[in-house]
Amino acid sequence: MEQYAKVAQKVLRQLGANGSYVGFCYTVYGIVQNIKNPELIVYVCKGLYAEIAIHFCVSVGSVERNIRTVIKTIWEYGDREFLNEIFGRELTEKPKNTIFIDALSQYVLDICEKDEK
């Protein structure tokens with residue numbers, strides 16, 4: 001799982017986010033948790049956000065807001081071409097938190113599986 005976190009951090013940095021955002025750690029942790037248990041994202045507020053909130057001792061609302069801030073930063077100032085590559089299509093609007101985490105989770109998983117071969 002540590003490998004997933006390292007790859008997730010690298011991908012987020014390539015996209016234009018950095019560790020100065022509180023949501024950066026939440027997003028990395030969320031990606032790793034989603035890879036471990038994909039069902040968490042189905043019930044995002046009671047599943048994934050709750051898991052992140054418990055881990056970091058913060059509110060679910062704080063988790064949602066800070067992840068949204070990371071996504072907004074990437075959308076406005078980041079590498080849009082790389083973001084489109086991750087999603088496999090050209091995005092016309094900023095992705096929602098759950099869609100963003102799900103897409104990055106799959107991208108990270110693909111990279112890690114490729115490295116294992």
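Biologist: Which residues does Asn97 touch, not counting residues up to four places away in sequence?

Modeller: Asn97 touches Tyr49, Glu64, Ile67, Arg68 and Ile71, where contact means heavy atoms within 4.5 Å. Please keep in mind that this is a predicted model, in which local features need pLDDT of at least 70 and side-chain atom pairs count only at pLDDT 80 or more, while totals for chains, interfaces and linings use all residues. Residues are numbered from 1 along each chain as its sequence is written, and side-chain values use heavy atoms, with hydrogens and water left out.

Biologist: Is Asn97 buried or exposed, and where is it found?

Modeller: Asn97 is found in helix H6, and helices here are DSSP runs of H or I with at least four residues, numbered from the N terminus. Asn97 has a relative accessible area of 8% and is therefore buried, since buried means under 20% relative accessible area, exposed over 50% and partly exposed in between, with a 1.4 Å probe and protein chains only.

Biologist: What lies 3.0 Å from a polar atom of the Asn97 side chain?

Modeller: That is the backbone oxygen of Glu64. A polar contact is a pair of N or O atoms within 3.5 Å; within protein, one must be able to donate a hydrogen and the other to accept it, and residues adjacent in sequence count only if both atoms are side-chain atoms.

Biologist: And Thr73, what does its side chain do?

Modeller: A polar atom of the Thr73 side chain lies 2.9 Å from the backbone oxygen of Thr69. Thr73 is found in helix H4 and counts as buried at 12% relative accessibility; leaving aside neighbours within four places in sequence, Thr73 is in contact with Gly16, Tyr21 and Gly78.

Biologist: Switching to helix packing, at what angle do the axes of H2 and H6 cross?

Modeller: The axes of helix H2 (residues 22-36) and H6 cross at roughly 70° and come within 9 Å, with axes being lines fitted to C-alpha atoms, for helices over the stretch in contact, and angles running from 0 to 180 degrees between N-to-C directions. H2 and H6 are therefore roughly perpendicular to each other, given that angles under 35 degrees count as roughly parallel, over 145 as roughly antiparallel, 65 to 115 as roughly perpendicular and the rest as oblique.

Biologist: Which residues make that contact between H2 and H6?

Modeller: From H2 the contact is made by Thr27, Gly30, Ile31, Asn34 and Ile35, and from H6 by Phe100, Ile101, Asp102, Leu104, Ser105, Val108 and Leu109. By class, the contact has seven nonpolar, four polar and one charged residues, where Ala, Val, Leu, Ile, Met, Phe, Trp, Tyr, Cys and Pro count as nonpolar, Asp, Glu, Lys and Arg as charged, and the others, Gly among them, as polar.

Biologist: How do H1 and H2 cross, then?

Modeller: The axes of H1 and H2 come within 9 Å and cross at roughly 130°, and the two helices are therefore oblique to each other. The contact is made by Tyr4, Ala5, Ala8, Gln9, Leu12 and Arg13 of H1 together with Phe24, Thr27, Val28, Ile31, Val32 and Ile35 of H2, and by class it has nine nonpolar, two polar and one charged residues.

Biologist: Which residues of H5 are buried, and what covers them?

Modeller: In helix H5 (residues 80-87), the buried residues are Phe82, Leu83, Asn84, Ile86 and Phe87, and what covers them includes helix H1 (2-15), helix H4 (60-77) and helix H6 (97-116).

Biologist: What happens at the start of H5, and what follows H5?

Modeller: At the start of H5, a side-chain oxygen of Asp79 reaches to within 3.2 Å of the backbone nitrogen of Glu81. H5 is followed by Gly88, whose phi is positive, near 75°.

Biologist: Which residue other than glycine has a positive phi near 55°?

Modeller: That is Cys57, whose place is in the loop between helix H3 (48-56) and H4, and which counts as exposed at 70% relative accessibility.

Biologist: What about Phe56, what is it in contact with?

Modeller: Phe56 is found in helix H3 and is partly exposed, with a relative accessible area of 28%. Leaving aside neighbours within four places in sequence, Phe56 is in contact with Cys25, Tyr26 and Tyr29.
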